[in-house]
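Dear colleague,

Here is the structure I said I would pass on. My notes on it follow below.

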Amino acid sequence: MPEHEEAAGHETATGPTPMTPHDQVLVEGPFNRVDLRGIRQRIHELGEAWRLPEPVGWALELVTTELVVNVVMHADGRGRLRLSRYPGWVFCQVSDVGPGVSRPYTAGWQPPTGTQTSGRGLWIARCFSERLTIDSSTLGTTVTAKIWAPSGPR
């Protein structure tokens, strides 16, 4: 699984940079089903390094895994994962170059019915996030999950 830790160092138009250079991780795809176990393990280790309480670490693992599964299923694995730690919050952003999500503003707000073959990943991600935003078009999709994450013992 290729990965690259980016360094922080300046204020951006979208807000403050992470707390330290080690508080942002970028993982470039392509992803496949085999990568999911390694991604989960890396997120678990990251949660420990960031001193996230266990329930927050589990939520981050679950949200991230569900969003990466969507990249594998709907975009042939072509995407990227970015995790960022800020005081009190963790952001999980997954982008792909797939066909886009129909009705991104309502996606994941209700659990899928028993007959639906997709939709569980966004619903689960929304359930475990303080805020979930979906920016989607025919050029691809970016999903950003904001998870409350106080520092604490693990």
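The structure holds 0 disulfides, a disulfide being a pair of cysteine sulfur atoms within 2.5 Å. C92 is buried, because its relative accessibility is 0%, whereas C127 counts as partly exposed at 45%. Here buried means under 20% relative accessible area, exposed means over 50%, and partly exposed is in between, with a 1.4 Å probe and protein chains only.

This is a predicted model, in which local features need pLDDT of at least 70 and side-chain atom pairs count only at pLDDT 80 or more, while totals for chains, interfaces and linings use all residues. Residues are numbered from 1 along each chain as its sequence is written, and side-chain values use heavy atoms, with hydrogens and water left out.

Overall fold

The protein has 3 helices and 6 strands, where helices (H or I, at least four residues) and strands (E, at least two) are DSSP runs numbered from the N terminus. Along the sequence they follow the pattern β-β-α-α-β-β-α-β-β. Of the 154 residues, 44% count as buried. Taking contacts between residues at least 6 apart in sequence, 63% join residues at least 24 apart; contact means heavy atoms within 4.5 Å.

Helices α2 and α3

Two packed helices are described by the angle between their axes and the distance between the axes. For α2 (residues 54-74) and α3 (residues 120-127), the axes come within 9 Å and cross at roughly 155°. That makes α2 roughly antiparallel to α3. The axes are lines fitted to C-alpha atoms, for helices over the stretch in contact, and angles run from 0 to 180 degrees between N-to-C directions. Angles under 35 degrees count as roughly parallel, over 145 as roughly antiparallel, 65 to 115 as roughly perpendicular and the rest as oblique.

On the α2 side the contact is made by L62, V63, E66, L67 and N70, and on the α3 side by G121, L122, I124 and A125. By class, this contact has 6 nonpolar, 2 polar and 1 charged residues. In that scheme Ala, Val, Leu, Ile, Met, Phe, Trp, Tyr, Cys and Pro count as nonpolar, Asp, Glu, Lys and Arg as charged, and the others, Gly among them, as polar.

E61 is also found in helix α2. At 14% relative accessibility, E61 counts as buried. Neighbours within four places in sequence aside, E61 is in contact with R40, I43 and H44.

Strand β5

T133 is placed in strand β5 (residues 131-137) and is partly exposed, with a relative accessible area of 31%. Leaving aside neighbours within four places in sequence, T133 is in contact with T142, V143 and T144. T133 and Y105 are 28 residues apart in sequence, and their C-alpha atoms are 7.9 Å apart in space.

Backbone points in the loops

Which residues are joined by a cis peptide bond? They are G29 and P30, with omega about 10°. P30 lies in the loop between β2 (24-28) and α1 (35-49).

R51, in the loop between α1 and α2, is not a glycine but has a positive phi of about 55°. D76, another residue other than glycine, has a positive phi near 55°. D76 sits in the loop between α2 and β3 (79-86) and counts as exposed, at 62% relative accessibility.

Regards
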